[in-house]
Number of protein chains: 6
Amino acid sequence: MPICTIKLLEGRTDEQKKALVEKVTQAIQETTGAGPEHITVILEEMQRNHYAVGGVRASDK
Amino acid sequence: MPICTIKLLEGRTDEQKKALVEKVTQAIQETTGAGPEHITVILEEMQRNHYAVGGVRASDK
Amino acid sequence: MPICTIKLLEGRTDEQKKALVEKVTQAIQETTGAGPEHITVILEEMQRNHYAVGGVRASDK
Amino acid sequence: MPICTIKLLEGRTDEQKKALVEKVTQAIQETTGAGPEHITVILEEMQRNHYAVGGVRASDK
Amino acid sequence: MPICTIKLLEGRTDEQKKALVEKVTQAIQETTGAGPEHITVILEEMQRNHYAVGGVRASDK
Amino acid sequence: MPICTIKLLEGRTDEQKKALVEKVTQAIQETTGAGPEHITVILEEMQRNHYAVGGVRASDK
């Protein structure tokens, strides 16, 4: 039943997203023993002007 | 003060979303006793290539 | 595939939580057409000193 | 290491978002003592038909 | 209507949490123009063995 | 900059959690190209009476 949500900056290709989802599902399966049909992965893309570290947005660098 | 966030695949009509929000608010009110003015419902749509069960995205089926 | 997360102040009885989860699942099913086996509901309790409106925490009222 | 996520209705200008991110980062730094390089702020805009209080969406008022 | 959720490592005093919530509310009010009664702040504490950067948990350092 | 949050039912050992965090970090690094120091993983345990599929909580099965 694990539900995994990954926030990442926009800009990855669809191939990268596909691989990301597959590998993370595998990693969760191997380490928790959950059946793959019970593992959910959700991607959430962030715009560069909506993400900041130290008060500086990715879009302002 | 309940805050309810519903993630769902994109593709519902605006009528469905309106009904969803109304019914869920009602369900929360009836069971928790919270006043409706204190119940917040937020919808978050997921793209089909951003949601996977068992490592397979909805867009890849 | 809807995933519904409800944050609420601690203090509800287990009966209330059970009813909440059942009614909200029903409300989502009726309005989105999703099969019940695809509807997930998660409750997240908040401590009263971890929740504030207008800068005043529930624990400080 | 604080991670701050702010959901807000769409419609703020980029200047407002920039100021929001800066001021919130400062507020977290001053009160928690975390170094700014360890403070992340994420904005998430909500569409007006995806946000409701009391069962009424912002788009239906 | 902004809803701000701050995840932070456990260990802050209640005084620090109170100040954090007050200052962040103020920062949101000043920069978005939202009335304080519409600003919600939620704190979520993370255990040190539930938080990792670079694959190393805070509890394993 | 990816931030990965994994909700899972309580009951895993600390060893399992450690391995989970390491493997997921690796999976994100390999597929997104992000440096490990920019990858955050957060675990959130759910009580069995706070998690339901199809309206039935894990604690009521």
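Guide: This is a predicted model, where local features need pLDDT of at least 70, side-chain atom pairs count only at pLDDT 80 or more, and totals for chains, interfaces and linings use all residues. Residues are numbered from 1 along each chain as its sequence is written, chains are lettered from A and ligands numbered from 1 in the order in which they are written, and side-chain values use heavy atoms, without hydrogens and water.

Visitor: By what turn can chain E be laid on chain D?

Guide: The copies are superposed by least squares on the C-alpha atoms of residues with pLDDT of at least 70 in both. The RMSD is 0.0 Å, with a shift of 0.0 Å along the axis and a turn of 180 degrees. The two copies are thus related as by a two-fold rotation axis, with that turn of 180 degrees.

Visitor: How many disulfides are found over all chains?

Guide: A disulfide is a pair of cysteine sulfur atoms within 2.5 Å. The sulfur of Cys4(B) is too far for a bond, because the closest cysteine sulfur, in Cys4(C), is 3.4 Å away. Cys4(D) is in no disulfide either, with the sulfur of Cys4(E) 3.4 Å away. Over all chains, the number of disulfides is zero.

Visitor: Within what arc do the buried residues of helix 1 of chain D fall?

Guide: Helices are DSSP runs (H or I, at least four residues), numbered from the N terminus. Buried means under 20% relative accessible area (1.4 Å probe, protein chains only), and the buried residues of helix 1 of chain D include Leu20(D), Val24(D) and Ile28(D). They line one face of the helix, because seen down its axis, by the directions to the C-beta atoms, they fall within an arc of 160 degrees.

Key. Buried means under 20% relative accessible area, exposed over 50%, partly exposed in between (1.4 Å probe, protein chains only). Helices (H or I, at least four residues) and strands (E, at least two) are DSSP runs, numbered from the N terminus.
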